[in-house]
Amino acid sequence: MTYSPYTSSGNCKSTSDITTDVTSIASKGFSGIRIYSTDCNGLSAVASAASSHSLNLILGVYISDSGISAARPQIQEIVSWAEDNGGQWQSVEMVVVGNEAVFNGFCTAEELATFVAEARSAFRTAGYNGPVTTTETIDVLEEHKETLCPISDVVAANIHPFFNGQISAPEAGKFVADQLALLEKEICLGKEAWNLETGWPKRGEANGRAVPGAWEQEVAVL
């Protein structure tokens, strides 16, 4: 389950609110939680709450429109967090460097690849041996596969069936499965594929055959 520690007005949530949110996520049967960055005290607060419920963590280094140089301190923040917790990385399932950074024009594929390698080196030195990757849309990964596949320990994409106007809610699961197979068998050959962001809205405007609604959301997600 992806999670961002912000209120609807854009302010940082309190530690108690984060704990309440994570408890709710755990109660619904999720086994892990993904955060996009280290901001809003999210790393320590989310990690602490997740640990109480034995949830795995997918950590993020977020690249914004300020570019890679502004994102770099997050690497050390993650390393420092691990050191402060006795070098315990067992709960960290993956580290994701960038979230659609190339798609949004925040950096080039070549710059992202260099930064992922830099981050991996820092995490390895700090004792983390799990997968380090980035996540983009399928089309970006396909366009830049020669650059982004080699630096990804696993290949990860954000796959939103609702954004494809030809896909109805009952077809959402098959669409995601087909896209994951495409990643593994054609784009980043032989690498394990992950979908790191997906969903279906319960309200809003329709997108062709993709219609929002509570029933549609349940069908699409389940």
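The largest nonpolar core comprises 57 residues, and Leu59 and Phe123 have the most contacts inside it. Helix H5, spanning residues 109-125, contributes the largest share of this core, with 7 residues. The structure is a predicted model.

- Beyond its neighbours within four places in sequence, phenylalanine 123 contacts Val61, Ile75, Ile78, Val79, Trp89, Val95, Tyr128 and Val132.

**Largest pocket**
- The volume of the largest pocket is about 780 Å³.
- Its lining consists of 25 residues, of which Met1, Thr2, Phe30, Asn195 and Thr198 are the closest to the pocket centre.
- At least two lining residues come from each of S2, S3, helix H8 (172-187), strand S7 (193-197) and helix H9 (214-221).
- By residue class, the lining of the largest pocket contains 12 nonpolar, 9 polar and 4 charged residues.

**Backbone positions with positive phi**
- Most residues other than glycine have a negative phi.
- Cysteine 40, although not a glycine, has a positive phi of about 60 degrees; this residue lies in the loop between strand S2 (32-35) and helix H2 (42-52).
- Serine 54 is likewise not a glycine and has a positive phi of about 55 degrees; its position is in the loop between H2 and strand S3 (56-61).
- Cysteine 40 is classed as buried because its relative accessible area of 13% is under the 20% cut-off.
- Serine 54 is classed as exposed because its relative accessible area of 65% is over the 50% cut-off.

Definitions and conventions: Residues are numbered from 1 along each chain as its sequence is written. This is a predicted model: local features need pLDDT of at least 70, side-chain atom pairs count only at pLDDT 80 or more; totals for chains, interfaces and linings use all residues. Side-chain values use heavy atoms; hydrogens and water are left out. Helices (H or I, at least four residues) and strands (E, at least two) are DSSP runs, numbered from the N terminus. Buried means under 20% relative accessible area, exposed over 50%, partly exposed in between (1.4 Å probe, protein chains only). A nonpolar core is a set of buried Ala, Val, Leu, Ile, Met, Phe, Trp, Tyr and Cys residues joined through side-chain atoms within 4.5 Å. Contact means heavy atoms within 4.5 Å. On a 1 Å grid over the protein atoms alone, a cavity is a set of points where a 1.4 Å probe fits but cannot get out, and a pocket is an open set with protein on both sides within 12 Å along at least five of seven lines; lining residues have an atom within 4 Å of a point. Grid points are joined across faces, edges and corners, and a volume is the space filled by probe spheres set on the points. Ala, Val, Leu, Ile, Met, Phe, Trp, Tyr, Cys and Pro count as nonpolar, Asp, Glu, Lys and Arg as charged, and the others, Gly among them, as polar.
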